[in-house]
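Thanks for coming, everyone. I'll take a few minutes on one structure. Please look at the sequence and the model as they come up.

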Amino acid sequence: DMTKSTIMQTKQLVNLETKKKKNKHGHGFMNKIVQLKQSSGEEYYFVFDVNIETTILQIFPLSNAGTFNPTSKLRSGRKRWKVLPSSQILKAKIDEFEIVHSQIVSKVQWVTKESWDIVDSS
């Protein structure tokens, strides 16, 4: 049926455009690890929330929590990054930050129990 096909194509285009707009305005930052642009140090943050209208990120600072287990084939000796339970949420402008290549490790529900391997760091 031609009508169903046209409706499906229109929905796909709308979804694609919506995704582009969301990423352009900050949704791409949600649940990512970021650092200040042109940062040369190891100050990383977990993005907890993004306010698209005000372009404000709510972020938690990450702390180096030792290294990954030597038995880990992929991560042995690499730094483990975590949000400390005592961390305060910070607010920052989205355009001051860039996303850092990282991998989530534990895949748990609570951010304070999660670990990240920041691929851009040693």
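**Strands and salt bridges**

Start with strand β1. It is joined by 3 bridges to strand β6, residues 97–99, and the two run antiparallel. In that pairing, Val-34 has Ile-99 of β6 as its bridge partner.

β1, residues 33–36, also pairs with strand β2, residues 45–51. Here there are 2 bridges, again antiparallel. Ile-33 sits opposite Phe-46 in β2.

A word on confidence. This is a predicted model. Its average pLDDT is 80, and 75% of the residues score at least 70. Residues 9–25 fall below 50, and this stretch has 5 contacts beyond near neighbours in sequence.

Now the charges. Side chains of opposite charge can pair when their charged atoms come close. How many salt bridges are there in the model? The count is 3.

Take Glu-42 and Lys-79. Their closest N and O atoms are 2.6 Å apart. Glu-42 lies in the loop between β1 and β2, and Lys-79 in strand β4, so the pair ties together parts 37 residues apart in sequence. Glu-42 is partly exposed, at 34% relative accessible area. Lys-79 is partly exposed too, at 22%.

Next, Asp-117. Is this residue buried or exposed? It is buried, with a relative accessible area of 3%. Asp-117 forms a salt bridge with Arg-78, at 2.9 Å from N to O. Asp-117 is in strand β8 and Arg-78 in the loop between β3 and β4, 39 residues apart. Asp-117 also meets Arg-75, at 3.3 Å. Arg-75 is buried as well. Shared partners join Arg-75, Arg-78 and Asp-117 into one network.

Technical notes:
Residues are numbered from 1 along each chain as its sequence is written. Side-chain values use heavy atoms; hydrogens and water are left out. Two strands pair if DSSP finds at least two bridges between them. Helices (H or I, at least four residues) and strands (E, at least two) are DSSP runs, numbered from the N terminus. pLDDT is the predictor's confidence in each residue, from 0 to 100. Contact means heavy atoms within 4.5 Å. A salt bridge is a side-chain nitrogen of Lys or Arg within 4 Å of a carboxyl oxygen of Asp or Glu. Buried means under 20% relative accessible area, exposed over 50%, partly exposed in between (1.4 Å probe, protein chains only).
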